[in-house]
Amino acid sequence: MGGSKDVVYNSSQLDKLNGYKFEVNLTNNVGNNTWYKGLLNGKTVWIHSNHLTRSSEISRLGKFKDVDAKVYSAPGNELDYNYAGNELINKVYYIKESINLNGQLYYLISNQPSNSTGTIGWVRKNDLLSYTHEGLDSKEKTLYLKGKGIAYNRPWGGKENIVYNINDLKKRQGMIFQVNLTQKVGNNLWYRGILEGKTVWIHSDHVKSPQSTSKLGKIKSNKEKIYSSPGNELTASSAGSENINKVFYIKQQINLNGILYYNISNYPSSHKGTIGWVKEDSMLSYTHVNVDNISKIFYLSGKGVAYNKPWGGSQNVIYDSEALKNMQGYGLIVNLTNKVGDNIWYRANLKGNSIWIHSSHLMNITGSATSRLGKIKSETAKIYKGLGDETTTINAGSTYTNKVFYIKRKSQIDNKIYYLLSNKPSSTEGTIGWVKKEDVNSYTHEGIDNNSKNLYLKGTGLAYDRPWGGKENIIYNNTEINAMEGYSIQVNLTQKVGNNIWYRGIVNGKTVWIHSSHVTGTTGTSTSKLGKLKSDSSKIYKRLGDESSAINSGEKYLNSVYYIKRQSEINGEIYYLISNLPSSTSGTIGWVKQDELTSYSHQSVDSNKKKLTLKGKGIAYNKPWGGSKNIVFDLKDMINLKGEILEVTLTNKVGGQLWYKGQLQGETVWVHESHLEKNTANYSYYDLTLSEAVSIQMKATPKTDKYVHYVHGDYIQYNNKGNYYYVTASTLNVRGGPGTNYSIVDTLNYGEKVSIRKKVGDWYRLYWVNAKEEDVRYYLDPNNFINDDVQKFQFLDLSRSSDISASVLNDFLSGKGTLAGQGQAFIDASIINSINDVYLVSHAILETGNGTSTLASGVKYNGKTVYNMYGIGAYDSCPVDCGAKKAYEEGWTTPYKAIVGGAKFIGRDYISSGQNTLYKMRWNPLAMDNTGSATHQYATDIGWASKQITTMYNLYQQIGSYSLHLDIPSYR
């Protein structure tokens with residue numbers, strides 16, 4: 001706040017300094033006034049804030065409109081300025097500062113993007129054409145010249161800023177423009193970059209950004225052009241032989257002036273390994289997609305070619321077609337899957353080389369199916385991850401020994417057999433690799449059934465997590481199994497390993513596999529009782545000895561009677577096995593402690609037919625001594641049924657009380673003796689003992705299919721004329737398995753005919769083999785069958801009809817091939833030939849395999865289709881041709897004719913000749929008695945009669961009420 005003596009510049013002098021920059025270095029407040037100290041024209045002065053104005057920082061680019069524009073050394077200072085003239089026009093300037101003086105806006109122009117360096121002076125806004133100027137980013141970008149426009153040394157340059165003119169850029173079409181700075185001028189984008197060593201700015205309209213893509217391509221011919229700069233003919237060269245017949249990766253494409261160019265590379269990259277740019281129509285190309293990198297196992301089909309790139313050309317070949325043909329069956333471990341167009345290609349390692357191969361030249365499986373279990377012999381055994389490829393092997397080590405593996409696939413490579421080992425019963429899941437056959441101990445593995453069975457531990461052996469397990473598969477050791485003697489194993493799967501049976505089931509809450517020699521079908525002792533649960537809180541043990549398997553009886557199991565056929569003692573307590581059926585294996589519910597049941601002894605008295613009359617009292621049950629849940633007819637019903645006949649089929653004794661089973665109004669019921677008012681077996685006697693009969697039969701070489709017998713294929717030959725196999729060795733050993741390590745179980749002589757079930761390696765498994773004496777004795781002894789409700793049908797008099805209806809037969813025959821709907825045919829055959837109709841059905845079903853055999857389905861013979869339902873004239877050595885010949889001679893051209901016409905041979909040759917039962921048809925005891933020889937027997941199979949009766953029995957049950965007339969043989 002100086003006085004007159006402090007004046008440095010008076011007001012007129014400051015007018016001349018209008019617009020001069022005043023660099024402030026100190027600010028003071030005097031009262032309410034602000035004063036600034038600084039340098040002005042070289043002198044230190046203080047100036048009041050009212051006499052100063054501030055400039056503003058801005059960012060624009062500008063060009064002079066004409067040569068007459070004034071350039072001020074200080075904004076608005078008319079005492080110090082120059083004209084723009086030709087020197088300053090036609091070029092662009094940076095504007096980083098502006099100031100408003102007395103209503104006039106001035107811009108500070110500069111040759112540098114700065115308000116302190118490279119400045120030219122101040123220019124009125126109206127004398128400039130200007131636009132906002134902002135930096136967008138400094139990211140590096142690769143662009144390509146379109147061959148248009150101009151390149152400047154500044155964005156939005158003028159003529160004086162030109163680095164490359166229009167013609168220059170036209171010559172450089174397609175060249176790379178490596179951008180390092182992007183700015184915006186007004187609404188226009190400008191890129192700064194290096195072009196042939198010079199830094200230039202080019203408008204966004206005159207460059208092109210390439211697009212990402214993913215294709216594979218092949219150049220069509222050696223004359224096609226490859227451009228260093230896309231579309232720039234000055235940079236083009238011919239593809240030549242080195243760039244054809246091979247595939248390139250295409251990761252970048254660009255469209256210049258309506259033409260599409262591909263950036264081709266030897267690598268899946270737009271930067272690495274690039275060759276140049278090729279026009280789209282100079283290439284054959286397909287989309288290229290990565291599908292996944294999931295590991296997969298395939299096998300060479302022996303076709304195609306393996307390349308170093310997917311969809312390769314001749315220059316990409318790693319293994320040609322001949323090489324792959326020689327590697328048929330080799331395994332590949334795929335590590336990458338690509339899709340080229342619509343085709344799938346897989347990458348894998350093969351013999352140490354990384355290859356690509358088309359999906360059509362691979363197989364999901366190789367070799368042939370098999371079913372075995374195996375254990376690796378040694379820790380040094382090799383496991384091939386890729387079949388046949390030594391480069392993929394690992395040693396078994398301790399990880400893969402002492403345990404069992406499933407083998408569901410085998411293959412032969414270079415005359416070596418390999419097995420595919422798996423932790424699961426699968427050739428696709430759980431696999432660990434391929435192992436040579438000689439490095440594995442293995443046995444055949446087959447499923448027997450998945451029937452539920454309750455077996456019991458003997459207290460010996462081991463329990464494994466797989467059949468035939470190793471040390472690594474043990475679940476219960478010897479000590480643990482010994483402590484569980486008598487415990488139940490609830491079997492749910494039965495398998496055969498070699499000649500050994502293994503059971504899978506639950507023991508003490510765990511799923512285990514155990515060898516058949518360490519279990520028994522029964523535990524404790526047999527018994528025969530009936531029982532009722534005392535309380536709904538009584539425990540039922542699904543598995544004997546296993547507390548985790550116990551359930552409360554609840555209402556579900558109360559008020560019903562159960563059969564008890566087995567009892568056992570566990571830890572000092574007696575347990576009964578309760579069942580819905582009179583069996584210790586079928587219909588069982590579980591084990592119950594003795595004191596939780598009310599029980600009585602239960603025995604069969606006889607199965608004689610009786611006709612008894614109802615008194616009109618009591619209750620009829622579905623089981624003897626039934627409970628409320630077993631009621632069929634209650635007391636009220638029984639009163640109304642007074643006088644009705646109960647056709648009794650079975651008599652039982654419960655405690656001291658008799659109970660009768662029979663049919664009543666279509667229902668099977670049991671009635672107590674007190675509620676009933678109080679029908680034939682013929683015995684044929686033969687003057688020979690059972691042992692004498694057995695000796696006679698053994699001389700006839702009876703056969704059986706119950707044993708597994710093998711002979712070596714080198715000593716078996718097929719007779720084409722006779723259609724049979726026969727022995728070529730003087731004496732041929734029959735063994736218990738497919739190998740000389742199996743014991744000799746029989747011998748065959750030269751010329752003997754054999755029936756073949758299947759081939760296992762070099763061995764044949766026989767279908768029919770010589771029966772043992774004890775087996776013949778069993779089937780020859782009537783006492784083994786007469787008391788069996790089913791087996792006693794062997795003794796049924798087949799000269800009597802069953803009186804079954806055609807509709808019942810048709811229901812039974814439904815779905816049984818050509819036998820379906822032939823119920824009346826069997827009834828007609830029965831009437832005409834005096835043969836039991838049910839037997840004829842049973843005979844036909846067994847002979848034709850449920851109506852589906854070749855002879856049953858119809859065979860062309862001498863131009864006619866003929867049928868044979870009973871195997872008449874069909875021999876073991878000539879089953880089809882001889883059977884068809886017989887049918888042709890007899891005129892059996894329809895299933896009906898074959899059923900009715902064939903029956904007369906059975907009736908004439910057997911039933912009408914006194915062999916009127918299945919037993920007599922098989923064994924002919926009268927001939928043994930009269931001649932001392934086994935003659936005129938229907939079959940050589942010792943079990944033939946026993947096998948026939950199941951169908952007969954089942955059909956009789958469908959009849960309802962029936963009477964059986966039995967003819968039972970008796971030996972002295």
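H445 is buried, with a relative accessible area of 4%; buried here means under 20% relative accessible area, exposed over 50%, and partly exposed in between, with a 1.4 Å probe and protein chains only. The model is predicted, so local features need pLDDT of at least 70 and side-chain atom pairs count only at pLDDT 80 or more, while totals for chains, interfaces and linings use all residues. Residues are numbered from 1 along each chain as its sequence is written, and side-chain values use heavy atoms, with hydrogens and water left out.

H445 belongs to strand 38, residues 440–449. Strands (E, at least two residues) and helices (H or I, at least four) are DSSP runs numbered from the N terminus. The side chain of H445 makes a polar contact of 2.3 Å with the side chain of Q495. Such a contact is a pair of N or O atoms within 3.5 Å; within protein, one must be able to donate a hydrogen and the other to accept it, and residues adjacent in sequence count only if both atoms are side-chain atoms. Beyond four places in sequence, the residues that H445 touches include S371, R372, L373, Y406, Q495 and V497, where contact means heavy atoms within 4.5 Å.

The strands around H445 account for part of that list. Strand 38 runs antiparallel to strand 42 (residues 488–497), with 4 bridges between them, and H445 stands opposite V497 in strand 42. Strand 38 is also joined by 5 bridges to strand 32 (residues 368–376), again antiparallel, and there L373 faces Y443 of strand 38. Two strands pair if DSSP finds at least two bridges between them. Strands of a sheet pair through backbone hydrogen bonds, either parallel or antiparallel.

From strand 32 the pairing continues to strand 35, through 5 bridges in an antiparallel arrangement; A369 has R409 of strand 35 as its bridge partner. Strand 35 (residues 405–413) is mostly covered, with 7 of its 9 residues buried. Strand 35 is joined in turn to strand 36 (residues 416–422) by 7 bridges, also antiparallel, and R409 stands opposite L420 in strand 36. The hairpin of strand 35 and strand 36 has 2 residues between the strands, and D414 takes a positive phi near 50° in it.

A separate open sheet is built from 3 strands in the order 63-64-67, with antiparallel pairing. Its edge strands are strand 63 (716–719) and strand 67 (753–754), each of which pairs on one side only. Strand 63 and strand 64 (residues 724–727) share 4 bridges, and N719 is partnered by Y724 of strand 64.

D837 is buried, at a relative accessible area of 2%, and its side chain makes a polar contact of 3.3 Å with the side chain of S801. Apart from residues up to four places away in sequence, D837 touches S801, S802, D803, I804, F826, I827 and S830. D837 and G713 are 124 residues apart in sequence, and their C-alpha atoms are 43 Å apart in space.

A nonpolar core is a set of buried Ala, Val, Leu, Ile, Met, Phe, Trp, Tyr and Cys residues joined through side-chain atoms within 4.5 Å. The largest such core has 70 residues, of which F826 and Y839 touch the most other members. Beyond four places in sequence, the contacts of F826 include L809, L813, L819, L840, V841, Y870 and I899. A second, separate core of 22 residues includes F298, L332, L350 and I413. In soluble globular proteins, nonpolar side chains tend to be buried together.

Aromatic rings form another set of features, with 35 aromatic pairs in the structure. Rings of Phe, Tyr and Trp (its six-membered ring) pair if their centres lie within 6.5 Å; planes under 30 degrees apart count as stacked, over 60 as edge-to-face, and the rest as tilted. The pair of Y72 and Y81 is tilted because its planes lie at 55°, with the ring centres 5.6 Å apart. Y72 is buried at 1% relative accessible area, whereas Y81 is partly exposed at 27%. Together with Y83 and Y106, Y72 and Y81 form one aromatic cluster.

Charges also sit over rings, a term that requires NZ of Lys or CZ of Arg within 6 Å of the ring centre and within 35 degrees of the ring normal. K63 lies over the face of W156, 4.3 Å from the ring centre, and the charged end of K816 sits over the ring of F812, 4.7 Å from its centre.
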